[in-house]
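Here's a short walk through a protein chain for someone meeting it for the first time. Have a look at the picture, then read on.

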Amino acid sequence: MSENLLSISNHQFDDVIAIIVKARSRAMKAVNAELINMYLEIGAYVSERVKSVG
């Protein structure tokens, strides 16, 4: 009987781990998207500055 409870607990623990892993993945994707936007914005800014100076 205690093995049944232990396997249920392990399964639930695995479910929690899966939720954490998925959330971390979504967070990394969001950060990467923001970094790309930042680099595009910096590139546009630098490009405009070069055009106005050169």
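## The overall fold

The protein chain has 1 helix and 0 strands. Both terms refer to DSSP runs numbered from the N terminus, with helices (H or I) needing at least four residues and strands (E) at least two. Helix H1 covers residues 2-53.

A quick word on where this comes from: it's a predicted model, where local features need pLDDT of at least 70, side-chain atom pairs count only at pLDDT 80 or more, and totals for chains, interfaces and linings use all residues. Residues are numbered from 1 along each chain as its sequence is written, and side-chain values use heavy atoms, with hydrogens and water left out.

## What's on the surface

How much of the chain is buried? Buried residues account for 0% of the 54 residues. Here, buried means under 20% relative accessible area, exposed means over 50%, and partly exposed is in between (1.4 Å probe, protein chains only). The chain exposes about 5,200 Å², and carbon and sulfur atoms supply 65% of that; such areas come from the Shrake-Rupley method with a 1.4 Å probe, and for residues only the protein chains shown count as cover.

There's also a nonpolar surface patch, made up of Val31, Leu35, Met38, Tyr39, Ile42, Tyr45, Val46 and Val50, with about 770 Å² of accessible area together. To join a patch like this, residues need over 30% relative accessible area and no salt bridge, with nonpolar side chains (Val, Leu, Ile, Met, Phe, Trp, Tyr) joined within 5 Å; like charges are joined within 9 Å. Tyr39 sits in helix H1 and is exposed, at 53% relative accessible area.

## Contacts along the helix

The count is 1 salt bridge, meaning a side-chain nitrogen of Lys or Arg within 4 Å of a carboxyl oxygen of Asp or Glu. It joins the side chains of Glu48 and Lys51 (3.7 Å, N to O). Both lie in helix H1, 3 residues apart, or about one turn of the helix. Lys51 is exposed, at 59% relative accessibility.

Ser52 belongs to helix H1 too, and is exposed at 56%. Its side chain reaches the backbone oxygen of Arg49 at 3.0 Å.

Conventions. A polar contact is a pair of N or O atoms within 3.5 Å; within protein, one must be able to donate a hydrogen and the other to accept it, and residues adjacent in sequence count only if both atoms are side-chain atoms.
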